[in-house]
Amino acid sequence: MFMAGPRTNLEQWYCFLAVVDEGSYARAAEVLHKSQSAVTYTIQKMEEQLGVKVFEIQGRKSQLTEVGQMLYRRGRALIDEALRLEKSAKSVAAGWEPQLRIVCDTLFPSHTMLDCLADLSESCPDTRIECVETVLSGAEEALLERRCDVAITGIVPPGFLGDHILRVKFIAVAHRDHALHKLDRQLDYRDLRPFRQVVVRDSGVRRQRDAGWLEAAQRLTVSRMELSISAVARGLGFAWLPEIAMEKELESGEIMPLPMIEGGERYADLFLILPNRDLAGAAALRCETLLKAATENLVC
């Protein structure tokens, strides 16, 4: 059932707030560019429509009644919400979409993504932004299932085109006191297999991948790259980890590169994809521009 419309209007509430904020009908009239009699009439009409008194005379001044104090708080929220609504409408009219969904491979530097999100939050404040980290095939699935507007992925699925955005260097590492370092010689994959390898779980569910796993005798699987680094730093196993993500541990010597005969370094390429460029909104295009500019000279 359709509800009856309000008896009052936003202009009346705005006038009421001005009288309270300015402290008098006269000063409110100046701010509103109205005559004092027009302001007085507006407040009187509002009181009549509401069936309450918002002001009472104390001495020579008008003071808010208890009801008026409550209505002032509610009226302030009403005007603020109306202003936000108008701002949202202007944003949509300017081409900013109401929602932006980003999926980002966990290998992408978080500080770079946060810089992009900060810019987007300021440029399109009324766009709801969702940024989800993925591992291996997670972003690929989001693209195939049309669950994102922007994707950074190491896997470009069939039917999509992506721009190369970053190459990430991985290094075979272990804690400085790990038994592999104590062998004191160059290593090959046969030396690694008896020891526990730390791997990050694929966040996809369709075709989970085990990139980089050597079928080691023992395995520790974690869900996040940060946890993988912490596990290696605790001596729980060896792993291939992105160099940029463990700079602190490498500089301190807590984690050390393994002296591999071959395969000690690996590289992963990341691609930036807009799944449907023809329908991409202003926020998605802005996000693409920011990410490309941020990674142009970034070395990982």
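**View 1. Helix α5 passes helix α11 in a right-handed crossing.** In this predicted model, α5 covers residues 110-123 and α11 covers residues 282-295. Two packed helices are described by the angle between their axes and the distance between the axes. Here the angle is about 145 degrees, and the axes lie 10 Å apart. On the α5 side, look for Thr112, Met113, Cys116, Asp119, Leu120 and Ser123. Their partners on α11 are Ala283, Arg286, Cys287, Leu290, Leu291, Ala294 and Thr295. Sorted by class, this contact has eight nonpolar, three polar and two charged residues.

**View 2. Strands β1 and β2 form a hairpin with two residues between the strands.** Strand β1 (residues 55-58) and strand β2 (residues 61-64) run antiparallel, joined by four bridges. Isoleucine 57 has serine 62 of β2 opposite. At glycine 59 in this hairpin, you will find a positive phi near 70 degrees.

**View 3. The largest nonpolar core has 50 residues.** Phe108, Val150, Leu258 and Leu291 have the most contacts inside this core. Strand β6 (residues 163-175) gives the most to the core, contributing eight residues.

**View 4. A closer look at leucine 258 and its contacts.** Beyond its neighbours within four places in sequence, leucine 258 is in contact with Ala172, Val173, Ala174, Leu180, His181, Leu187, Leu192 and Phe238.

**View 5. A second, separate core has 17 residues.** Among them are Ala18, Ala29, Ile43 and Leu71.

Conventions. Residues are numbered from 1 along each chain as its sequence is written. This is a predicted model: local features need pLDDT of at least 70, side-chain atom pairs count only at pLDDT 80 or more; totals for chains, interfaces and linings use all residues. Side-chain values use heavy atoms; hydrogens and water are left out. Axes are lines fitted to C-alpha atoms, for helices over the stretch in contact, and angles run from 0 to 180 degrees between N-to-C directions. A crossing is left-handed if the near helix is turned anticlockwise from the far one by less than a right angle, and right-handed if clockwise. Contact means heavy atoms within 4.5 Å. Ala, Val, Leu, Ile, Met, Phe, Trp, Tyr, Cys and Pro count as nonpolar, Asp, Glu, Lys and Arg as charged, and the others, Gly among them, as polar. Two strands pair if DSSP finds at least two bridges between them. A nonpolar core is a set of buried Ala, Val, Leu, Ile, Met, Phe, Trp, Tyr and Cys residues joined through side-chain atoms within 4.5 Å. Buried means under 20% relative accessible area, exposed over 50%, partly exposed in between (1.4 Å probe, protein chains only).
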